[in-house]
Structure formats: structure tokens, C-alpha cells
Amino acid sequence: MNDRVSAQTRRTFLASSGLGLGMTALGTLLAREGRAGTFSPSDIGGTLAALHHAPKAKRVIFLYMSGGPSHLETFDYKPKLASMDGQPMPDSFTAGQPIAQLQGQELKVLGPRFKFKRCGQSGQEIADILPYTQKMADEICIVRSMHTTQINHDPAHTVMNTGTSISGRPSMGSWINYGLGSECDNLPGFVVMTSIAGRNPQPIASRQWHSGFLPGKYQGVEFRSPGDPIHFVKNPDGITDERQRDLVETVKQLDEIRQRSLRNPEIQTRIAQYELAFRMQTSVPELMDFSGEPKNVLDLYGVEKPDGSFAANCLMARRLAERGVRFIQLYHRDWDHHGDLVHYMNICGKATDRPAWALVNDLKNRGMLNDTLVIWGGEFGRTPMFQGKGKDPGRDHHIQGFSIWMAGGGLKPGITYGGTDELGYKAVEKPVHVHDLHATILHQLGIDHERLTYRYQGRDFRLTDVEGNVVEEIIG
Amino acid sequence: MSLNSGDGMVKIAAKSLILLVGTLASASLSAGEVLSFNRDVRPILSDRCFACHGPDSGKREADLRLDRRENAIASAIIPGDPESSELIHRIRSSDAEKMMPPADSHKLRLTDEQVAVMERWIKEGARYEPHWSFIPPRRSAVPESSGIDARDPIDAYIGFRQTERGIGFHREADPGTLARRISFDLVGLPPEPFEVDRFERSERPDRLERWADELLGSPAFGERLTSYWFDLVRFADTVGYHGDQEHAISPYRDYVLDALNANMPFDQFTREQLAGDLLPKASVDQKIATAYNRVLQTSHEGGVQPKEYLLKYAADRVRNLSSVWLGLTMGCAECHDHKFDDLTQKDFYQLAAFFADIEEKGDFAGAGNVTPTRRDPEIVVLSRTDREMISQKNDQFDALQSRLTQLLGAFASNDWSELSKKNGEILELRRRMVHLHEEIVRVSKNKTRVMVTASRARRPVRILSRGDWMDESGPMVEPAIPAAFRSMKDPLGSDGTRLDLANWLSSPTNPLTSRVLVNRLWYLFYGAGLAKNLEDVGSQGDRPTHPELLDALSLDLMESGWDIKGIIRRLVNSTTYRQSSLPTKEAIRIDPNNELWTRQGRSRRPAEMIRDAALATSGLLVREIGGRSVRPYQPAGYYAHLNFPQRQYVEDTGPYLFRRSIYTHWQRQYLHPMLKAFDAPSREECTAQRQPSNTPAASLVLLNDPEFVEAARFFGLRVIREGPANDAQRLAWMVRQAFGRSFDEDELTLLIEYVARNRASFREELESARKLVRIGRAPSPADIDDVEWATWTAVARVLFNLDEMITRY
């Protein structure tokens with residue numbers, strides 16, 4: 001009986017302290033309480049008392065191809081587009097549709113710029129620009145019928161991350177940590193990294209990983225590399241770890257003395273945060289050090305050290321996933337190909353194709369792909385129409401149909417779901433809106449998207465607003 | 001009646017029993033008590049029923065509307081007869097087909113108590129009341145009190161309710177705590193130690209009133225209140241969307257600072273910001289004020305469709321207006337009628353129509369990928385201080401010129417002896433005139449651009465189905481205030497301008513503006529609102545703990561001619577304000593959520609106050625008022641993800657590094673990491689209440705941010721130079737400087753050992769001491785021993801990391 005009480009107290013304390021226990025510690029704790037195996041988010045700082053159903057995934061790695069990769073040169077092969085190359089785009093497709101940079105211009109069809117191949121046992125169609133992705137065709141689930149609502153980058157990112165273009169709403173990584181808590185005791189539960197290589201990179205706002213109206217402890221933390229990965233994670237010049245430890249300890253003791261007369265429960269939480277901050281200061285350098293990785297793993301990704309490349313970020317993502325980070329998002333910022341599409345897609349392909357393949361394989365080799373959901377995709381796709389910004393052809397922003405792929409996390413591997421019309425303009429077969437994607441991601445994590453809510457300004461908000469259907473057919 | 005309370009005898013005689021009714025927001029209903037629709041019934045209906053059976057005509061199920069009596073009693077409710085009322089059957093039912101709310105709504109079922117309330121309400125006739133904030137405030141009799149320590153009617157209202165519950169005012173906070181509280185509350189800075197001394201020693205009964213007046217008269221008061229106003233109106237230095245370029249806005253900050261310091265009546269403050277350009281003979285300041293209409297988020301991304309963005313901007317303005325002045329959440333009505341409040345989609349577009357005359361062409365002109373961007377119309381202005389300085393110098397110049405003319409008159413008379421005597425003075429006059437001329441030319445160059453509002457022919461506004469900007473089938477609308485308020489005397493002119501809107505906002509028949517403002521001021525000085533939800537006073541918001549008090553203060557504010565400083569003076573002089581924040585056992589038992597205000601609120605201080613306090617204590621703070629935004633230290637590369645154009649953060653130098661945080665450059669997409677770690681909002685949308693978090697990121701700022709380390713080393717320097725000689729005395733001096741208190745023995749023992757450890761350790765590693773005391777750009781004196789300096793810097797770091805640094809008590 002006494003044990004139960006103290007476990008409860010411990011949990012309450014952990015829940016209020018922003019970051020939960022580490023995996024091992026939690027395992028021990030639960031084993032001691034005889035309840036190992038029944039994962040309860042509220043034990044580790046999440047808001048849900050229990051999961052809504054058995055989860056298939058514990059964490060998400062979102063490879064965010066920022067700028068909007070062309071679906072027509074990656075996963076959505078349209079022979080008709082090739083045969084109509086250079087001809088006027090039929091009005092029937094575009095009349096009354098929103099258009100971005102092509103406003104007021106004559107609209108012409110642009111045929112696919114890369115060849116496609118049927119790949120693997122599954123025979124999925126993937127363009128030659130992504131040779132490594134072709135190799136893992138049997139591992140991935142391709143969705144060719146995505147659509148969204150915003151045609152400019154910034155609001156479209158905001159829709160992809162928060163479900164609406166209105167600022168101030170929480171991003172999906174924040175929602176997930178709010179619901180599930182963190183499995184990590186010395187790192188944030190939501191980590192973001194970015195890379196560039198290709199056309200002039202699109203800006204990306206920290207709004208995309210903000211916690212909005214959810215408590216600040218759920219917001220994404222950007223790890224930067226090279227340089228200090230987290231703001232102010234290094235001791236000031238002249239301060240050794242020993243002196244820093246002494247400082248933190250002295251602050252703690254003084255706060256405890258004051259606590260006797262002030263009786264403010266926040267002080268206790270604060271002391272815990274200092275402990276965590278100090279732990280973070282020591283764990284981050286270890287995290288950023290690849291020297292413990294075997295050569296074959298470094299070779300798989302083609303990296304040597306954290307150098308800010310997408311490849312290095314992919315390896316970091318695996319290291320973060322191993323340490324219990326719940327939501328990891330890697331932005332590659334150069335997929336906005338209004339012109340010189342072939343040239344820039346080659347650069348982006350080189351930078352991202354092999355690392356994504358390496359990550360999926362690495363996770364698989366470690367048995368982690370089962371409970372890690374990997375997502376590859378951008379905020380929108382690109383027009384079937386030609387855009388002439390540059391020496392060679394490009395494509396404009398496009399929201400009516402685009403492609404993503406997912407792997408692991410309990411989804412069916414080696415399948416293609418949904419489709420666009422014959423010119424790749426509009427998702428016509430089994431359309432999947434961003435809300436549906438969100439509902440599906442949450443579902444794989446054991447969350448009913450309609451029941452993860454937060455009351456703000458008098459209303460129960462959720463990631464999927466009042467929309468969203470789980471895409472049942474892609475679930476394994 | 002007289003009652004005892006745990007904290008000394010507090011007596012109150014209350015005759016105004018009417019207060020008993022409708023004030024026990026959280027208490028459960030007892031049999032003898034009169035049931036109140038707004039207190040007891042509306043919250044249940046609103047939270048569980050209105051989403052499908054409420055104001056939103058688009059989503060209304062079974063054509064049943066429960067927010068209006070005439071509709072409700074037509075089918076679901078039979079007044080006087082709960083057993084025959086379908087509503088009662090449905091909320092009692094567990095039949096999946098019949099039960100309400102239905103399972104797929106994910107709304108909680110009604111508890112037995114709630115069902116009982118509904119039954120009783122129907123039995124008693126199912127009487128409705130308009131929502132409390134939608135009817136004008138009413139004046140009730142101030143509870144008459146004797147024996148209670150009532151300095152202000154505020155205390156009579158609060159004390160009466162406390163007495164009723166068998167508790168009284170808490171003791172007054174100790175003078176040191178009170179001094180810190182009022183200083184941070186009114187000027188956002190810690191008190192000077194001499195101010196604390198003076199306050200503690202004063203035996204005047206009005207010592208707090210006198211000091212409050214002094215603080216209210218200080219220019220720093222404007223800085224403190226401006227910071228809050230800026231959260232509301234989402235003031236920022238950058239456009240927010242896509243490239244997040246800078247826009248021209250700084251003079252608007254000076255305008256708000258000046259207006260609040262001059263105690264401009266709030267109705268005028270409202271008129272000038274919304275419609276200064278429409279005022280007759282608008283002054284430069286009134287034009288600058290209209291930057292309010294332009295400081296929303298805009299996008300300068302290539303390929304934006306003007307029509308789509310005009311709608312985004314219109315919606316942004318309606319959301320902000322309704323949040324700032326009305327305390328309502330109108331954002332949802334862009335696509336559909338409000339789910340809980342009597343606000344329609346038409347209301348939304350009619351409000352938007354007030355702003356449809358704002359010239360926005362500049363926002364779509366394609367300024368190119370440059371920062372600062374141009375968002376015409378902009379005007380070029382001098383700050384008020386510069387304008388005053390130039391006018392002063394012009395006067396001086398004129399005076400010198402007439403003296404010179406007089407002297408030169410001697411030339412005409414050929415009085416050479418007189419002239420040679422005056423030669424020196426003539427030269428001196430010329431020298432001074434040249435100097436003045438140069439000064440005027442120099443100050444005139446300080447001109448800055450600022451976006452302003454210009455009026456053009458109103459763009460047509462139509463209701464957009466589901467907010468779809470491409471759907472042009474909806475009906476056109478004209479500017480109008482929301483229909484729910486239109487039955488009142490309507491001051492709108494026939495053409496419905498922004499000025500009409502502003503006049504309506506501050507008209508005595510508007511039930512919201514004054515209540516919303518008073519509620520937020522109460523929050524600033526008591527740690528929570530009288531109505532807890534500061535962002536929503538609609539149906540889903542919280543009922544005030546003391547509705548009569550909120551109404552009384554709202555009426556007082558309006559009747560005083562919207563005298564902001566006047567109402568604040570009352571808020572900080574009351575007995576309620578002076579109470580200790582330390583909860584007693586009795587208070588926790590009787591008043592766990594502090595709804596009876598039996599103690600002061602405790603809260604994490606806003607980010608700005610934390611940084612400013614460190615700078616003030618270190619002696620580095622620069623107290624100049626007004627001017628351009630500044631760039632304090634920031635980690636390198638933080639803006640790496642900004643583009644169009646790419647951004648390099650160029651830190652300021654000299655005094656600009658140490659100005660108050662209200663001047664810190666506010667980059668919407670990448671808010672300064674210190675401000676962000678301590679929960680300052682990005683200012684994309686209106687924020688009435690910041691959500692404090694308690695995270696490792698905030699700890700890392702206080703531990704390692706060079707700004708705080710530098711402040712610590714200058715605080716260390718101060719104790720060496722200004723403080724006493726021995727370690728214990730120095731420690732006492734520092735805690736007095738930093739927190740206006742003294743250490744107890746345990747604390748002192750701990751720190752004396754800490755000092756010794758650090759001194760020994762730095763002595764062994766001179767190089768590390770040298771490095772530590774050179775962090776930051778403020779010039780270091782050469783005559784200080786590095787080991788001593790590093791040691792006292794280490795102590796200052798401890799103080800800056802204590803809970804007292806960030807918490808209001």
C-alpha cells in the first residue's frame with residue numbers, strides 16, 4: 001500500500017516536471033509495480049491516462065521535403081503528361097482553381113523529366129532520380145492522393161504541421177508529446193533539424209514546431225549543427241563542469257531553504273528542471289559524437305560527423321530515436337523547383353535519397369522500424385504545367401494532388417495507395433487530406449485523433465480540427 | 001454580522017444581501033438557493049449542447065436550438081414539467097440511440113448533479129437570462145462594511161464574500177515583498193535598495209499610495225504597460241509570414257509609450273489607433289497611431305494571390321479587434337456561425353467591412369526580397385522627443401538671431417568702438433548658432449518610416465461560404481456591429497467607418513470593452529482575472545468570481561473618462577492587493593483556487609522583467625525611453641532559416657545592448673531565444689495571458705546565456721567596488737541589492753562556503769577566472785583582481801538563478 005502511494009507521488013512529480021523518466025528507469029519502475037507492459041502515457045508526463053488502442057508505433061521520424069517536391073518526377077508516373085508535353089493545359093483541369101506564380105500566364109503541359117521504373121517484388125513505380133528509394137520499394141507505402149488547402153509555402157507548412165493556416169496552433173510533434181509524454185530523461189521529446197542543398201532554400205519558421213496554446217514544454221527544440229546544438233547548452237567560458245555542478249547544487253539548496261517559508265510547489269518543479277538542464281548539458285555532447293558508430297553504419301549513410309547535411313541529420317535521427325525522443329523532424333529546405341527542375345532535383349535527390357534509405361535500413365537492422373513511423377514528404381506537390389523560371393523548365397506550387405511515402409510503424413509495406421487524374425492534377429482516387437494523414441499518424445501511436453483535445457478560448461481543439469479520417473487501408 | 005477569521009479579527013457588516021445571489025461560481029447548489037441560469041445552467045448547455053444545438057445554423061442538428069428559449073420550449077423543454085421534457089429523457093438515457101450528448105460527440109455525459117440542476121431549472125420554469133457579458137454592466141450597492149479594513153470599494157466587495165465564507169483578509173505582505181511587488185507591477189523593474197529602505201522605514205499610513213503615485217508618474221510605467229498592450233495588438237518588427245522581413249513600426253511603440261505615460265483616456269487611445277487618420281486635422285501622432293491597423297502578419301512571398309491575402313488580412317483584423325476590445329473569439333465565424341455565442345458569420349464579415357477601406361496596395365507591390373520591406377502607405381516621421389528638441393532648438397536659434405541682428409545694427413550706425421567691444425559676443429553668438437544649426441540638421445536626420453493607415457474607396461465585402469475566397473456567390477455586406485449588440489443605442493453613422501467602430505467600442509452601451517479591460521488589469525495586479533479566462537468572456541468563458549465588482553469597476557472606469565492610471569491606482573492600493581501571497585492552511589481549505597481572493601496571486605514574471613531585472617541589478621541597464629528597436633546578444637546562426645533575403649543578425653553595440661526588453665527586436669518567426677524560453681509570445685495573434693512553462697531551456701538561459709553571465713560579472717564588480725569588505729557583509733549587500741531582503745543563517749553559511757570554494761578554485765586556475773570576467777562586450781576595468789571578480793561573479797550567478805529572480809510573490 002505504501003509503495004503504491006509513493007509510486008503515485010513519483011508519477012505526479014514526473015508528470016509535472018516536463019520530461020519523464022528514461023526508458024530503463026520507467027521499465028524498472030513499472031516492473032517493480034508489476035505493471036510492465038501496460039504503457040500509460042500519464043506515467044511519463046503525457047496527458048492521456050491510457051492509450052485509446054494498442055499502438056503500432058512509439059515514435060515518428062518525419063523527413064520533411066520542404067518546398068514541395070514534384071510528385072510527377074518521383075512517385076506519380078503519368079504517361080499522358082509525356083504525350084501532351086508542350087500542349088496547352090486543358091481548361092477543364094484548371095478553371096476556377098487557385099494558382100500561385102503562374103497567375104495570368106498561359107498554361108502548358110510539361111511532361112515528366114525523369115524515367116520511372118517498376119521496382120522490387122511489389123513493382124511500385126518510382127523515378128530514376130531516387131535510385132536508393134527504388135531499392136526499398138518493398139519497404140515503403142506510397143500515398144499518391146495527398147491534397148492540401150494552401151498554395152503558398154508558409155501557410156502550407158503551417159497546415160502540414162498544425163492542421164490549419166492560422167498561426168498559434170500546436171504542431172503535430174507537440175500534440176504527440178502532449179498526449180504521450182516523453183520517454184527520454186535528458187533530451188526534449190520533440191527535436192527538429194534542418195539541412196540545405198539545392199535551389200535557394202525556402203525559409204522555414206519556428207512556428208512549424210511551436211507548441212501553440214499547449215504548454216511550452218511540448219514545443220519542438222531545434223538541434224543545430226555544426227555549432228552548439230541547443231541554445232546555451234555549453235558552460236560559459238571559464239566555468240568547468242565541476243563549478244557548474246556546484247552552482248546548480250547551491251541554487252537547489254538555497255531554493256529549498258526558501259521553500260520552507262514560501263511553500264510554493266513550483267520551486268520543486270524548478271529544481272527538477274535544473275537537474276534536467278544539467279543532464280542535458282552532459283548528454284548532448286555525447287549525442288553529437290559519432291565516433292562510437294561502427295564504420296559500416298557511417299558508410300551506410302555516407303557521413304563522418306555531424307556536419308549539418310541531411311545524411312548526418314538522418315543518423316542523428318536514429319540516435320535520437322534510440323534515446324527515446326518521440327517526434328523527430330528533419331527539414332530539407334530546397335525542393336522549390338520553379339525552374340531548372342532537373343538540375344535542382346538532381347541535387348536534392350543526391351542529398352536525401354541515400355540517407356533516407358540508410359535510415360530505413362538502419363532502423364530495420366536494429367529492429368526499430370517496427371515501432372518507428374518514418375514519413376517522407378513536403379507541404380505540397382508541383383503543377384503538371386510548365387513554369388519558365390530559369391534556363392530550363394520548372395513547375396509551380398500545386399495543392400490538389402501530391403505524393404508522400406511512409407515506412408514502418410505498422411503500415412503495409414510495398415503498397416501504393418490512391419491516385420491522381422491522368423495528368424496528375426487532382427487526387428481523384430481515394431484522396432487523403434492532410435487531416436487524414438494526421439489522423440493516421442495519431443492512430444498508429446495509439447491515439448484516437450478525436451479524443452486528444454485541449455481546451456483553449458472555450459473550445460476543445462484537436463490536431464485534426466473537425467476533420468480527419470484514418471486511412472484504414474494502409475494499416476498493416 | 002461579524003465573523004472571526006484565522007488571520008486576525010476581521011469584521012464586516014454587510015447589508016447588501018443581494019450579493020448572495022449569483023456569486024458562488026464554484027459552490028454546488030443547495031436546496032434553498034435560488035437557481036441562476038447564467039451561473040448554473042448556461043455552462044452545462046454551452047459545453048455539452050450548443051455545439052450541435054446552438055447558434056451555428058450550419059451545424060444545427062434536428063433543427064433544435066437550445067440557446068434561445070422560444071426555440072427550446074417549442075420542442076425539447078416543457079417549462080414546469082421536467083418529466084415530460086424530451087431534453088431530460090435524453091440526458092438521463094443510456095440508450096446509445098437516444099442518449100445526449102451522443103457517444104460520437106466525445107462530449108462528457110452530464111453528472112447526476114448536472115442532471116438535477118437541469119431538472120430543477122425546468123421545474124422552476126426554464127427561465128433564460130442573457131449571457132452576463134452581453135448585457136451592460138449594472139451598478140449594485142457597495143456592500144456596506146464596518147470593521148473591515150476596506151481602503152476601497154474593491155475591499156468591500158471582496159471582504160463581504162470572504163466573511164460570508166468564514167474567512168477574512170490575509171495579513172499584509174512584509175514591506176520588502178510588497179515593495180518588490182508594486183515596483184515590478186507598475187514599472188516592470190526591481191525597486192532600488194534606497195526605495196526599499198525608505199518604504200520600510202516610513203511610518204506614514206499612506207506610504208504605499210505615495211509610492212504608487214511616484215511609480216505611476218515614472219516613464220518606466222509606460223514601458224511596463226506597453227509591453228502588455230503589445231501582446232494584445234501583436235506588435236512585432238517583422239511581417240510574420242514567409243520571408244519574415246522587417247517592416248517600419250518603431251514610431252508606433254513611441255506613440256503607445258507616450259499615450260500610456262500621458263494617461264491618454266482609453267477611448268481616445270482606441271479611436272486614434274483604429275481611426276486616427278479619420279480624425280479632423282489628424283496630428284502626426286494620430287497618424288502614427290494607425291500603424292495598429294498595419295501591424296498584422298503579411299506575406300511578401302512571390303505568387304500570393306491578392307484576393308486570398310486580402311481575406312487573410314481582413315480575418316486577422318477581425319480576430320484581433322474582437323480579442324483586444326471585446327474579449328470574444330470571432331475567428332471561427334470566418335467559416336461558420338459561432339458555436340457557443342450569439343455571433344454569426346454575417347457579423348464577422350460586417351466587422352471585416354469596417355476595415356475594407358484600408359489601403360493595402362503597398363503590401364502587394366512586390367518590394368523585392370529586401371529587408372526592411374516597404375509596405376506603403378508609410379510616412380517619414382521624427383520621434384516626439386526629436387520633434388520637441390528641434391522646436392526647442394529653433395526657438396533658441398531665433399533668440400540668438402534677434403540678438404545678433406541687434407548687435408549688427410551697430411554696423412549701420414558705424415559705431416566702431418561699440419562694435420569692437422562686442423566683437424567677442426558676436427563671434428560667440430555665431431558659434432552657438434552654427435552649433436544649433438548643425439544639431440537641428442543632425443536630429444532631423446533621425447527620421448524613421450512608419451506604416452500608417454490611409455483610407456480608400458471601400459472594397460466590396462461579401463459573406464464567403466466556408467471562408468472560401470474563391471466563392472463569389474455569397475451576399476454583399478456593409479459595415480455593422482454584431483447583431484447581438486445592435487438592439488442597443490447604435491452610434492454608427494450611416495456610412496460605417498472605422499471611427500464609428502471605435503466610437504462604438506468605447507460607448508457606454510458597449511457591454512464588453514470596459515469589462516474586458518478591467519478584467520485584464522486585475523490580472524496584471526492580482527495574478528489572475530476576476531473572470532479567469534482573459535481571452536474569452538463569451539459563453540464558454542468563465543463567469544467572474546465577483547460579477548458586481550467587475551461591473552462596478554467597469555462603470556467607474558467609463559465614468560472617470562477612461563482614466564487608466566486612476567483605475568490602476570485603486571487596484572494597487574487596496575487591502576486585497578496588499579495581502580501576503582503565502583497561503584494559509586485555512587485559506588487552502590476554504591478557498592483552494594483563490595476565488596475569494598484570500599491571498600495575492602503568485603506567478604512567473606514575464607520574460608522582459610527577468611532580463612531587465614538582471615540588467616538593473618548589474619548596473620548595466622540603460623534607461624533611455626523610446627526609440628528604435630535594438631538587437632541584444634543572440635546566438636550566432638539563429639536566423640539561418642530565414643530567407644528572401646538571407647539574414648545576418650547584427651548585434652548592437654554600446655548602450656543599445658543594455659536597453660529594456662520592450663525595445664528588443666521582435667522577429668515573429670524566430671523570437672529572441674531568451675524571450676522565447678520564458679514564454680513570450682511570437683505575436684502572430686493576440687495574447688491576453690502568457691502560458692508560463694518551467695523547462696530546462698529556461699534554466700539554460702539563466703545559467704549560460706552570455707547576457708546573464710555578463711550581468712552577473714557586473715553585479716560582482718559592483719559588490720567589489722561599492723559593497724563592504726568582508727565576505728558575509730558582501731553577501732548581505734548583494735541580496736539586499738538583488739531581492740531587497742537579507743539572508744538567514746543557513747543561507748549565509750552555505751554561501752560563505754561557496755565563496756571560499758570558488759575563490760580557491762579560481763586561484764588555482766587563473767586563466768579560467770580571466771575568461772569568465774571577460775564575457776560580454778561591456779568594457780572591463782583593468783584594476784580588478786580576476787580571482788576576486790570571478791568569485792563574486794559566481795555568487796551573482798547563484799542569485800540570478802534563484803526562484804526569486806523569476807517569481808512574483
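**Exercise 1. Find which residues W405(A) touches, leaving out residues up to four places away in sequence.**

Step 1: Take contact as heavy atoms within 4.5 Å. W405(A) touches L63(A), F75(A), T133(A), M136(A), I140(A), C141(A), I142(A), A356(A), V360(A), V374(A), I375(A) and W376(A).

A word on conventions: the model is predicted, and local features need pLDDT of at least 70, side-chain atom pairs pLDDT 80 or more, while totals for chains, interfaces and linings use all residues. Residues are numbered from 1 along each chain as its sequence is written, chains are lettered from A and ligands numbered from 1 in the order written, and side-chain values use heavy atoms, without hydrogens and water.

**Exercise 2. Find how many residues the largest nonpolar core has.**

Step 1: Such a core is a set of buried Ala, Val, Leu, Ile, Met, Phe, Trp, Tyr and Cys residues joined through side-chain atoms within 4.5 Å; buried means under 20% relative accessible area, with a 1.4 Å probe and protein chains only. Step 2: The largest core has 254 residues, and L63(A), W405(A), W229(B), Y252(B) and I568(B) have the most contacts inside it. Step 3: Helix α31 (residues 786–800) of chain B gives the most to this core, 10 residues; helices here are DSSP runs (H or I, at least four residues), numbered from the N terminus.

**Exercise 3. Decide whether helix α7 of chain A is mostly covered or mostly uncovered.**

Step 1: Count along residues 172–180: 9 of 9 are buried, so mostly covered is the answer. Step 2: Among the buried residues are W175(A) and Y178(A). Step 3: Just after α7(A), G181(A) takes a positive phi of about 75 degrees.

How values were computed. Buried < 20%, exposed > 50% of the residue type's maximum accessible area, 1.4 Å probe, protein only. Helix = DSSP H or I, 4+ residues; strand = E, 2+ residues; numbered from the N terminus.
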